[in-house]
Amino acid sequence: ADIREAMAHPRDEPEFLPARYYDNTEKNYAIYAQANFSREFGDMILDGQAGVRVVRLESELNGNRITDGVVEPVTVDNSNTEVLPAVNLRLQVTDEVFLRAAYGKTIKRPNFADLNPSASYFLPTETGSIGYGNGGNPELSAVESQNYDLAAEWYFGEASSLTGTLFYRDIDGYVKYVANEEIVDGRDFSITRPVNSGAGSLEGVELAYTQFFENLPAMLDGLGVQLNATFMDHEAENAEGVMEPLPNVSDESYNAILMYEREGLNIRLAYNWRSEWYGSFNEVGDQPGSSVIHDPISSLDFSINYDVNENLTVSFDGTNLTDDVANDYFGGDSSQDARLYPRDTYIRDRTFALGIRYRM
């Protein structure tokens, strides 16, 4: 009551609002077993781990959904058990060259807020024909993925390497955000909610190079560079069985980091870039386009840490130093009609932070 009064609200308990009521209780149980192994094949060594994890979830969700002014209680009970095997193999070909293979099954539970059945509604603006809003989905299921990886690694220096990885993900239930028409109090709204996709896949290759340079002048001793690039193909079924790109996943991304480490001083200058990606999909017929696609974005970030002594560290960080903005568009389902109409131009924060950390 004192807090409510300090914030200029009445001391009495606030009125119960069904749209804001949301309760979700989860109980998780897990057991696992793992075995390590190693075997020699001539001059080569094969080692690795094999294991399995069994997890059980018991959850009860209670909330309210309001349709046309009518409050509808929502209760969802869910209990399921998942068996998650994993195998990791490493073949040491020489002292510097390794080959790796891995398989595993993983799951990702829905975000807590995404399960809330209620929604926020906003009346149409002067340029809009219907209202809009966003909400959750109490029927969301966990995302399941069968993961396969093959990698080759060459360590040509004490802290230098060149690696390449092929990966494939067999995905079921990837979460995307879809706008559908809903009627509330006799008004039409375009409401965006999370839904599970059908079967899908993500595959690609990742290349990485790291090197700290040797035989440099004394002041440059500790200078290094780290480069990596990722190329991917991805798709999943929508509710109609049509394959669509996975949302929030770019086909390409690149990172370049200039590093300097010397006598307690650690400096990083990092440039990151990712290609365009689909953000959400729209099922409301009179909206301009069936998707939202984001332009490529990049960021130049900087960080410096200095250990004054074994207890005290001073740091300074800067993000988005070039103050880049971002744009997205209403578009269709393919690259040919990705930019039907401009949608948003938004500023990405440029931030600076100074920190002091003391360890006892």
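Buried means under 20% relative accessible area, exposed means over 50%, and partly exposed lies in between, as computed with a 1.4 Å probe on protein chains only. The model is predicted, so local features need pLDDT of at least 70 and side-chain atom pairs count only at pLDDT 80 or more, while totals for chains, interfaces and linings use all residues. Residues are numbered from 1 along each chain as its sequence is written, and side-chain values use heavy atoms, with hydrogens and water left out.

**View 1. A salt bridge between E153 and R100.** In a salt bridge, a side-chain nitrogen of Lys or Arg lies within 4 Å of a carboxyl oxygen of Asp or Glu, and a search of the whole structure finds twelve of them. The closest N and O atoms of E153 and R100 are 2.8 Å apart. Because E153 belongs to strand β7 (residues 143-157) and R100 to strand β4 (residues 97-108), the pair ties together parts that are 53 residues apart in sequence; strands here are DSSP runs (E, at least two residues), numbered from the N terminus. E153 is buried, at 12% relative accessibility, whereas R100 is partly exposed, at 32%.

**View 2. A salt bridge between R193 and E182.** The side chains meet at 2.8 Å, N to O, and the pair links R193 in strand β10 (residues 187-196) with E182 in strand β9 (residues 175-184), eleven residues apart. R193 counts as buried, with 13% relative accessibility.

**View 3. A salt bridge between R262 and E263.** Here the closest N and O atoms are 4.0 Å apart. R262 is partly exposed, at 25%, and E263 is exposed, at 68%.

Definitions and conventions:
Helices (H or I, at least four residues) and strands (E, at least two) are DSSP runs, numbered from the N terminus.
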